[in-house]
Each structure stands twice: as structure tokens, then as C-alpha cells.
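Here are my notes for you, with the model open alongside. Have a look at it first, then read on.

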Amino acid sequence: MAQAQGLGRRYMKAFLKGFFVAVPVTVTFLDRVACVARVEGVSMQPSLNPGGRQASDIVLLNHWSIRNYDIQRGDIVSLV
């Protein structure tokens, strides 16, 4: 019984270590490099959601290009 408690405590400690490392790394990646977003509605037709579909498109928002001012004519820019 005591050995099972020690084993459970060890797994919980390993989980918490991984959690406290993975969460900040993930948040930093999503904030600084890229994130995934869903585009809904007709405002971006015909480029996104062509043909008046009710389904939404999923896009990758590249934060890295914006930080390096690497924007070119024809790029779609998302503002919040």
C-alpha cells in the first residue's frame, strides 16, 4: 500500500513538472509564432468559405511574419 502511494505521488510530481513546462511553452508559441483560427461568415468570400457554404474554413495565423514586417501585397491580414 505504501509503495502504491509513493508510485502515485511520483507520477503526480512528474505530471506537474511536465504541465508547468508545457503550458508556458504552448502559450508563448501561440502568442509569438502562429495559431489556428476558424473563419466564419461571408465577409471573406470568395477567398475563404467559397460558394456560400455553411461550413467554416480553418486558417493558420502567422504571427512571425507580422513581427518581421514580412507582409506582401495579396496577403490576408487579421486584426483583433
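Below are a few numbered points on the aromatic rings, the pocket and one aspartate.

1. Keep in mind that this is a predicted model, so take the values below as computed from it.

2. Start with the phenylalanines. The structure holds two aromatic pairs. One is F15 with F19, which is stacked, at 6.1 Å centre to centre and 25° between the planes. F15 and F19 sit four residues apart in helix 1 (residues 2-32), so about one helical turn separates them.

3. F19 is partly exposed, with 41%.

4. Now the largest pocket, with a volume of about 600 Å³. It is lined by 22 residues, and the closest to its centre are L61, N62, I76, V77 and S78. Strand 1 (34-39), strand 2 and helix 2 (63-67) each give at least two residues to the lining. By class, that lining has 13 nonpolar, four polar and five charged residues.

5. Last, take a look at D57, which lies in strand 2 (residues 57-62). D57 counts as buried because its relative accessible area is 17%, and the cut-off is under 20%. Leaving out residues up to four places away in sequence, D57 touches A37, R38, V39, L48, N49 and P50.

Note on methods:
Residues numbered from 1 in each chain as written. Predicted model: local features only at pLDDT ≥ 70, side-chain atom pairs only at ≥ 80, totals over all residues. Heavy atoms only, no water. Buried < 20%, exposed > 50% of the residue type's maximum accessible area, 1.4 Å probe, protein only. Contact = heavy atoms within 4.5 Å. 1 Å grid on protein atoms, 1.4 Å probe; cavity = no way out; pocket = protein on both sides within 12 Å on 5 of 7 lines; lining within 4 Å. Points joined across faces, edges and corners; volume = space filled by probe spheres on them. Nonpolar A, V, L, I, M, F, W, Y, C, P; charged D, E, K, R; others polar. Phe/Tyr/Trp six-rings, centres within 6.5 Å; stacked < 30°, edge-to-face > 60°.
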